[in-house]
Amino acid sequence: MPRKLILPYLCVLYFINYLDRVNIGFAGPNGMSEELKLSATVFGFASGVFFIGYLLLEVPSNLALHKFGARKWIARIMITWGIVATAMAFVPNGTVLVVLRFLLGVAEAGFFPGIILYLTYWYPQKDRARIVALFMVAIPISTALGATFSGLLIQWTDWRTMFLIEGLPAIGLAFVTWFWLPDKPEEAVEQPAEEHWPLKKALTHPRILALSFVYFGIVYGLYTLGFFLPTIIKGLAPGAGVIERGLINAIPYVLGAVAMILWARHGDRTGERKWHVAAPMLLGGAAIPVALYLENPIAAMVAVSVCAIGVCAALPTFWALPTSFLGGAAAAGGIALINSLGNLSGFVAPYVTGWLRDITGTQKAGLWVVGITMITAAVVALVQRAGTEKV
């Protein structure tokens with residue numbers, strides 16, 4: 001595969017990966033919750049249990065990628081997640097749904113941190129936020145386009161067919177990855193200044209654990225939006241059809257995609273990292289609880305869009321922080337640990353939000369938790385040392 005095609009190809013893979021991860025959010029309010037008789041708590045648990053597999057297997061999976069090579073290991077991840085994703089089409093009840101979501105997390109473990117590690121092989125630190133932004137723009141795009149596409153599939157067929165059709169591409173592209181994705185460039189880019197960090201230090205150092213909490217805060221906002229925004233929109237626009245709700249759902253993520261790229265470029269150009277992570281987190285954390293206190297649907301969507309902009313802008317620049325002082329096996333383990341601990345919010349966010357909705361009858365308490373978590377994590381980001389300072 002030519003070098004110029006690697007980043008676009010990885011974006012396509014992540015588009016499919018993220019869609020398979022969050023399409024349960026489109027299925028829930030469009031027939032699945034009713035057919036399977038799911039409460040908000042069970043739906044939230046099924047959405048979030050995916051990330052328990054992440055916690056268990058992210059680090060060993062990324063170390064395996066470092067040892068065996070990106071081509072084989074990424075292909076292995078893709079074919080197993082594709083099989084589980086298509087099996088979601090045949091789920092008979094809530095219990096099996098929870099099991100399959102857990103297995104989907106097990107199958108996908110290592111994909112995202114593996115790609116972040118893989119990008120460090122190809123691109124230098126000075127360009128890393130921009131490159132990661134171009135890769136991670138698949139998140140808002142997959143949510144924006146995926147909402148409309150998933151809505152069309154559900155309207156034309158049903159939620160089961162949606163799972164089936166959206167799960168198959170991962171299996172097909174696994175073979176493309178196996179035969180054409182190169183493991184590494186012929187000439188390596190410059191290595192981080194602190195590559196001498198041993199693996200044990202990368203897995204236990206307080207600096208890594210603090211960055212894990214920062215990422216936890218960012219992803220808490222991301223997955224709350226991903227899993228519950230379709231349900232929120234259904235409440236704000238009860239008369240809208242599936243397609244209309246999908247288009248409304250896309251608005252915050254289109255704006256987030258633009259912000260993600262422009263903010264990352266600004267971060268690379270200035271070389272500043274901490275405020276480029278913390279400032280959008282503060283913005284998003286302040287905006288999200290406000291959304292449900294606004295009776296005007298347009299005003300509420302503005303608040304939700306501001307939160308999406310904040311979350312999306314913080315994501316790529318964040319990954320420029322750990323990759324500035326980790327390399328080799330330490331990078332493989334450290335990146336995976338940050339991602340696995342951070343993605344625990346993918347379990348906590350939908351479960352806590354659903355649980356609070358069940359006991360209070362509204363989304364407000366859950367959204368306040370999101371805002372407080374993001375703001376706290378932003379403060380932790382600000383007290384971190386600059387990337388290449390000695391620890």
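1. Is Lys37 buried or exposed? With a relative accessible area of 72%, Lys37 is exposed, where buried means under 20% relative accessible area, exposed over 50%, and partly exposed in between, with a 1.4 Å probe and protein chains only. Lys37 is found in the loop between helix 3 (32-36) and helix 4 (40-48); helices (H or I, at least four residues) and strands (E, at least two) are DSSP runs, numbered from the N terminus. The phi angle of Lys37 is near 60°, a positive value in a residue other than glycine.

2. On the basis of this note: the model is predicted, local features need pLDDT of at least 70, side-chain atom pairs count only at pLDDT 80 or more, and totals for chains, interfaces and linings use all residues. Residues are numbered from 1 along each chain as its sequence is written, and side-chain values use heavy atoms, with hydrogens and water left out.

3. On aromatic pairs: the structure holds 18 of them. Rings of Phe, Tyr and Trp (its six-membered ring) pair if their centres lie within 6.5 Å; planes under 30 degrees apart count as stacked, over 60 as edge-to-face and the rest as tilted. The ring centres of Trp81 and Phe111 are 5.2 Å apart and their planes stand at 75°, so this pair is edge-to-face. Since Trp81 lies in helix 6 (residues 70-87) and Phe111 in helix 8 (residues 111-122), the pair ties together parts that are 30 residues apart in sequence. Trp81 counts as buried at 0% relative accessibility, and Phe111 counts as buried at 1%.

4. On the aromatic cluster: Trp81 and Phe111 belong to one cluster together with Tyr14, Tyr18, Phe112, Phe135, Tyr215, Phe318 and Trp319.

5. On Ile139: this residue is placed in helix 10 (residues 138-156) and counts as buried at 1% relative accessibility. Leaving aside neighbours within four places in sequence, Ile139 is in contact (heavy atoms within 4.5 Å) with Tyr14, Tyr18, Leu222 and Leu315. Tyr14 and Tyr18 are also among the members of the aromatic cluster. The C-alpha atoms of Ile139 and Phe90, 49 residues apart along the chain, are separated by 26 Å.

6. On the cavities: a search of the whole structure finds four of 30 Å³ or more. On a 1 Å grid over the protein atoms alone, a cavity is a set of points where a 1.4 Å probe fits but cannot get out, and lining residues have an atom within 4 Å of a point. Grid points are joined across faces, edges and corners, and a volume is the space filled by probe spheres set on the points. The second largest cavity has a volume of about 60 Å³. Of the 13 residues that line the second largest cavity, Tyr14, Arg21, Tyr215, Tyr223 and Asn343 are the closest to its centre. Helix 1 (3-22) and helix 13 (206-236) are the elements that give two or more residues to this lining, and helix 13 provides the largest share, four residues.

7. On charges over rings: a charge sits over a ring if NZ of Lys or CZ of Arg is within 6 Å of the ring centre and within 35 degrees of the ring normal. Arg71 lies over the face of Trp178, at 5.5 Å from the ring centre. Lys184 lies over the face of Tyr121, at 4.8 Å from the ring centre.

8. On Ser305: this residue is found in helix 16 (residues 297-318) and, at 7% relative accessibility, counts as buried. Apart from neighbours within four places in sequence, Ser305 is in contact with Ile251, Pro252 and Leu255.

Note on methods. On a 1 Å grid over the protein atoms alone, a cavity is a set of points where a 1.4 Å probe fits but cannot get out, and a pocket is an open set with protein on both sides within 12 Å along at least five of seven lines; lining residues have an atom within 4 Å of a point.
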